[in-house]
Amino acid sequence: MSIACVAACGLVATAHANLVVNGGFETGDFSGWTVSTAPVGSNLNVYPGQAFDGNFAASFAANGGLYDGISQSLATTAGLEYEITFWVNNLGIENDSLLVDWEGATILNLTPLGTGLESWEQITLTVLATQNGSSFGIRGFDAQLGIGLDAISVVAVPAPGTALLLVGAVGRRRRR
């Protein structure tokens, strides 16, 4: 019984492993990320305090109307769905934008950002990997004060019924 449970629990944990490296910026910098700065007015930082989770968050505050960005190449599997989740904090209203890119295409354009002022809000998207290995990125600017970003994750979405099959396998094992 315990071997089946360990195997099943291991499969569930693997299905929900975060593919993003340093998604909470807890290294105090952009370790794990590829950074692209705006050619004019760049102001991209990792700052301590006022994070949604942990001690650090990123801030997009480019003030020239051009985007600062961060990106990663993720170990995805073609044909699987993934859930992208992150927390955003709009520190200043007006003249701001946040874009989310997946596999080379912008999949979310929040221009203007339109979230509540100075409060963390969660954004969740579901995407399909069309190839093995997907590029993921976030770009932003805010000429007023900045856009806070924290707790970024990309996890595989289990196929419908996978959890029930695993529970069923454990249940059948117990009866033997």
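Colleague: Hi! In which sense do strand β4 and strand β9 pair, and over how many bridges?
Modeller: Hi! This is a predicted model, and in it β4 (residues 68–74) and β9 (residues 134–142) pair in the antiparallel sense over seven bridges.

Colleague: Nice. Which residue in β9 stands opposite Q72?
Modeller: That would be F136.

Colleague: Okay, zooming out: in what order do the five strands of the open sheet with β4 and β9 come?
Modeller: Going across, the order is β1-β4-β9-β6-β7, with antiparallel pairing. At the edges sit β1 (34–36) and β7 (105–110), each pairing on one side only.

Colleague: How much are neighbouring strands turned against each other there?
Modeller: By 15° on average, ignoring direction.

Colleague: Switching topic! Where does β10 sit in the order of its open sheet?
Modeller: You'll find β10 between β3 and β5, as this open sheet of five strands has the order β2-β3-β10-β5-β8. Its pairing is antiparallel too.

Colleague: Which strands are the edges this time?
Modeller: Look for β2 (44–48) and β8 (120–128), which each pair on one side only. In this sheet, neighbouring strands are turned by 35° against each other on average, again with direction ignored.

Colleague: How many bridges join β3 to β10?
Modeller: Three bridges, linking β3 (residues 56–60) with β10 (residues 147–156), and the two strands run antiparallel.

Colleague: Last one: what is the bridge partner of F60 in β10?
Modeller: F60 is partnered with I147 there. Happy exploring!

Key
Residues numbered from 1 in each chain as written. Predicted model: local features only at pLDDT ≥ 70, side-chain atom pairs only at ≥ 80, totals over all residues. Heavy atoms only, no water. Pairing = 2+ DSSP bridges. Helix = DSSP H or I, 4+ residues; strand = E, 2+ residues; numbered from the N terminus. Axes fitted to C-alpha atoms, helices over the stretch in contact; angles between N-to-C directions.
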